[in-house]
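Trainee: I would like to learn how to read charged and nonpolar features from a set of atoms. Could you take me through them in order?

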Amino acid sequence: VTRFTNIPYTAYTMPISTRRKAQEEAEAMNVDDQETGSNEGKNERGAATADAAVPTSTPSSSDDVVDAKITLAHLVFEYQRILDAGDHHHHGGAPASESAGSESAASVKQQVMELITAGSMAPFYLYVCKTLGWEVDAGLRARMETEVANEVASLDEAIKKAEEEEGDVEVKDMLVKKAVYLANVGDVEAARAAFGVAEAKTAGSGPRMDLCFEQLRMYFSVNDWRSYKVQLDAAWDLCNKGGDWERKNKLKVYEALHLCATRQFRASAELFLNAITTFTATEVLSYDDIVFYTVVLAVVSLDRPALMEQVVDNPDILATIDTTVGLRELLSSLTNCEYGAFFKALAEMSGRIQGDMLLYPHFRYYLKQARIVVYSQYLQSYKSVSLESMAGVFGVGVDFLDEELSGLISEGFVAAKIDRVDGVVHTTRPDPKNAAYQQVVKMGDHVLNKLQKLSKLADVEV
């Protein structure tokens, strides 16, 4: 995990721990209904509901708990961010914020240690200590390593017994159980080898895809995106050979996360939109989170008509969009052409976006893309418009707008020209048909040149 610097403390206005606590409280409200067998009115995520009406409740169940490894990965990131924010405020002379940051860091560290000790995750404990610079507690390490060793020995004994007394299915089940256990405690290398052995004994694309999902979460938890991509490709190979619809839909979510982490926002948004109606990958992110990613990425990836059709009127998104403060305003202000409100909503959402594990490395890029989208959308309606009028619509100063637009225009992101003397912005609409024609002519010239060279060679040979 790379150490980040110069991050404002406002990024922690909505920590992962708060969202997880809210999710757990919401889940607890459904316990009575489950005990009495009353499942009426629930929106089943495992069934195809493309033409379903607006859900009457959040489409999740009390069994939808994010994998502990994924939760730990977010908490480790959050702790690192708090430390870096504290360093920033310390250099800037903000002792009050530094104190608040220390308290938040202590709270997150407590959550991390509770999860680690509850699962006796000795290898993950060493990874966290190395990543965050914590001092290793020798006694705690020894105790957890002993528990891990005892469990692995017990599993090896069970595997041996299954090989001697039971069939191939029972042997496979025990091999999978061992691999999953090693992944859950954070022993990546041992788990990788164990999954290889288990996969050799596993028949069918579906069960083998389940092993891929386990490994994908393991690599996610330690920020190993290179191994994640390799495993993702292997999962798609299995899916194309005969994976069922539910696993294919889940795999889209896993790929969307990778695309988001590697700044391929449009492809990621399209996959999230495709998977959200029948979302079942609750082991890797909550339903509130998939709605957050879908909206935030769609805003900078889709044009206004597509946003209106696929996002604004999407009942699955509308069901929980208000869970994230400012998310509805970000979407509606753009589609309603309320540009001043959009800038305010973007500022309000910036802390949430910047505090996200996947979006943080692309935070500045995201803000730039959002401004490009909104400026381009506004200028589409005008052949020319005064800087003063445009600045008033966006709620910014003329000098600020002039400087920002100049930079975006010079980089080729906004099709316009600025007449600073008259204070007017002139749009320069691109002509796609003319550009396509010029491209065809260029390719034709290239082909003719090739043919002329071939004809000369043929003449020489004759």
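Predicted model: local features only at pLDDT ≥ 70, side-chain atom pairs only at ≥ 80, totals over all residues.

Trainee: How many salt bridges does the count come to?

Mentor: Side chains of opposite charge can pair when their charged atoms come close. In this structure the count comes to 22 salt bridges.

Trainee: Which residue forms a salt bridge with Asp 210, and how far apart are the closest N and O atoms?

Mentor: The partner of Asp 210 is Arg 247, and the closest N and O atoms of this salt bridge are 2.9 Å apart. Because Arg 247 belongs to helix H11 (residues 245-261) while Asp 210 belongs to helix H9 (residues 205-221), the pair ties together parts that are 37 residues apart in sequence. Arg 247 also forms a salt bridge with Asp 244, where the closest N and O atoms are 2.3 Å apart. As for accessibility, Asp 210 counts as partly exposed at 33%, and Asp 244 counts as partly exposed at 30%.

Trainee: Is Glu 404 buried or exposed?

Mentor: Glu 404 counts as buried, because its relative accessibility is 14% and the cut-off for buried is under 20%. Glu 404 forms a salt bridge with Arg 371, with the closest N and O atoms 2.9 Å apart. Since Glu 404 sits in helix H20 (residues 398-410) and Arg 371 in helix H18 (residues 363-379), this pair ties together parts that are 33 residues apart in sequence. Arg 371, for its part, is partly exposed, with a relative accessible area of 23%.

Trainee: Which residues are linked in a network of salt bridges?

Mentor: The network links Asp 67, Lys 69, Glu 214, Arg 217, Lys 250 and Glu 283.

Trainee: What makes up the nonpolar surface patch?

Mentor: Val 447, Leu 448, Leu 451, Leu 454 and Leu 457 make a nonpolar surface patch of about 490 Å². One of these residues, Leu 451, is found in helix H21 (residues 432-461), and Leu 451 is partly exposed, with a relative accessible area of 48%.

Definitions and conventions:
Residues numbered from 1 in each chain as written. Heavy atoms only, no water. Patch = residues over 30% accessible without salt bridge, like charges linked within 9 Å, V, L, I, M, F, W, Y side chains within 5 Å. Areas by Shrake-Rupley, 256 points an atom, 1.4 Å probe, with all protein chains shown as cover. Salt bridge = Lys/Arg side-chain N within 4 Å of Asp/Glu carboxyl O. Helix = DSSP H or I, 4+ residues; strand = E, 2+ residues; numbered from the N terminus. Buried < 20%, exposed > 50% of the residue type's maximum accessible area, 1.4 Å probe, protein only.
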